[in-house]
Amino acid sequence: MHIWISIPLCFMYLVSILGNCIILFIIKTDPSLHEPMYLFLSMLAVTDLGLSLCTLPTVLGIFWIGARDIGHDTCFAQLFFIHCLSFLESSVLLSMAFDRFMAICRPLHYASILTNTVIGRIGLASLGRSVAFIFPLPFMLNRFPYCGSPVLSHPYCLHQEVMKLACADIKANSIYGMFVIVSTVGIDSLLILFSYALILHTVLSIASRAERLKALNTCVSHICAVLLFYTPMIGLSVIHRFGKQASHLVQVIMGFVYLLFPPLMNPIIYSVKTKQIRDRVIHAFCR
């Protein structure tokens, strides 16, 4: 059955990689899209591309050639990049929420505050935060002895699962892992929620119904991206830490949704819902 399961997985990876590459190509080659909203979108596409490439070798390796083994160092490197890129995506989604807040609530200051220099600094700060939080994890895992049946629930390595294979006290890893999630995903999601509360307050004060809908429509793509990312990520984290009675199948499915769906769906959502991107995609393939 593995060869048949690999066909939709391979198709999903192909669509994800091509979709994000097309988004990056369109934004890079069209000077009119060198604006804050699209620069943040290009950061999201780069992050999604990285997530897809991180998991692709081990996922398709299992289904195509039966490569079921992974070395400790390779596993630790993979989980470093997966978690680092996941938290980077959380930061990018927060930056995109700030972009929407400035565009709708502070339109007169939008261009003067979100300059290319500021956007570059936001990107570097987001990357630095992710690396700083995730950098200790491989070293914390490397100090453990591992015994028993070293079988993972997913075809890639995640910190919350690998640490359970250790024959030692993992309390420090568990506490630090929870601290990292609260300090990144927890704070980011609260700030995104706060941004949209302010956006909604501003939009409801607009007299024209058409203008209200126009303003909200610019946020639809980002809201979908936020839900696609945070819902499975939080769900998987809760299952691994507290859902001891959850079936193995649920863990596997949540793992695939967590790492495959956001990179797959984000370029599709932005291509469909963002007129500027949609028009250029149609023009590129129909000329």
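The dialogue below takes up these features in order.

Guide: This is a predicted model, in which local features need pLDDT of at least 70, side-chain atom pairs count only at pLDDT 80 or more, and totals for chains, interfaces and linings use all residues. Residues are numbered from 1 along each chain as its sequence is written, and side-chain values use heavy atoms, with hydrogens and water left out.

Visitor: Which residues does the UniProt annotation "transmembrane region" cover?

Guide: UniProt positions follow the numbering used here, feature names are shortened, and annotations may be inferred rather than shown by experiment. The unreviewed entry assigns the annotation to residues 6–27, 39–65, 77–98, 110–135, 175–199, 220–243 and 249–270. Helices are DSSP runs (H or I, at least four residues), as are strands (E, at least two), numbered from the N terminus. Residues 175–199 are 100% helix, with end C-alpha atoms 35 Å apart; residues 249–270 are also 100% helix, and their end C-alpha atoms lie 31 Å apart.

Visitor: How many residues of α3 are buried?

Guide: Buried means under 20% relative accessible area, exposed over 50%, and partly exposed in between (1.4 Å probe, protein chains only). In α3, 27 of the 34 residues are buried. The expected span of a helix is 1.5 Å times one less than its number of residues; α3 reaches 49 Å from its first C-alpha to its last, close to the expected 50 Å.

Visitor: Which cysteines does a disulfide join?

Guide: A disulfide is a pair of cysteine sulfur atoms within 2.5 Å. Here the count comes to one disulfide, and it joins Cys75 to Cys157 with an S to S distance of 2.0 Å. The torsion about its S-S bond is about -125 degrees, so the disulfide is left-handed. Because Cys75 lies in helix α3 and Cys157 in the loop between α6 (136–142) and α7 (159–162), the pair ties together parts that are 82 residues apart in sequence. Both Cys75 and Cys157 are buried.

Visitor: What volume does the largest pocket have?

Guide: On a 1 Å grid over the protein atoms alone, a cavity is a set of points where a 1.4 Å probe fits but cannot get out, and a pocket is an open set with protein on both sides within 12 Å along at least five of seven lines; lining residues have an atom within 4 Å of a point. Grid points are joined across faces, edges and corners, and a volume is the space filled by probe spheres set on the points. The largest pocket has a volume of about 740 Å³. Of its 28 lining residues, the closest to its centre are Arg68, Pro150, Val151, Leu152 and His154.

Visitor: How many cavities of 30 Å³ or more are there, and which residues line them?

Guide: The count comes to two such cavities. The largest cavity, of about 140 Å³, is lined by 14 residues, with His83, Phe87, Gln160, Gly177 and Ile181 closest to its centre; the largest share of this lining, four residues, comes from α10. The second largest cavity has a volume of about 60 Å³, and its lining consists of Met37, Phe40, Met96, Asp99, Arg100, Thr218, Ser221, His222 and Tyr270.
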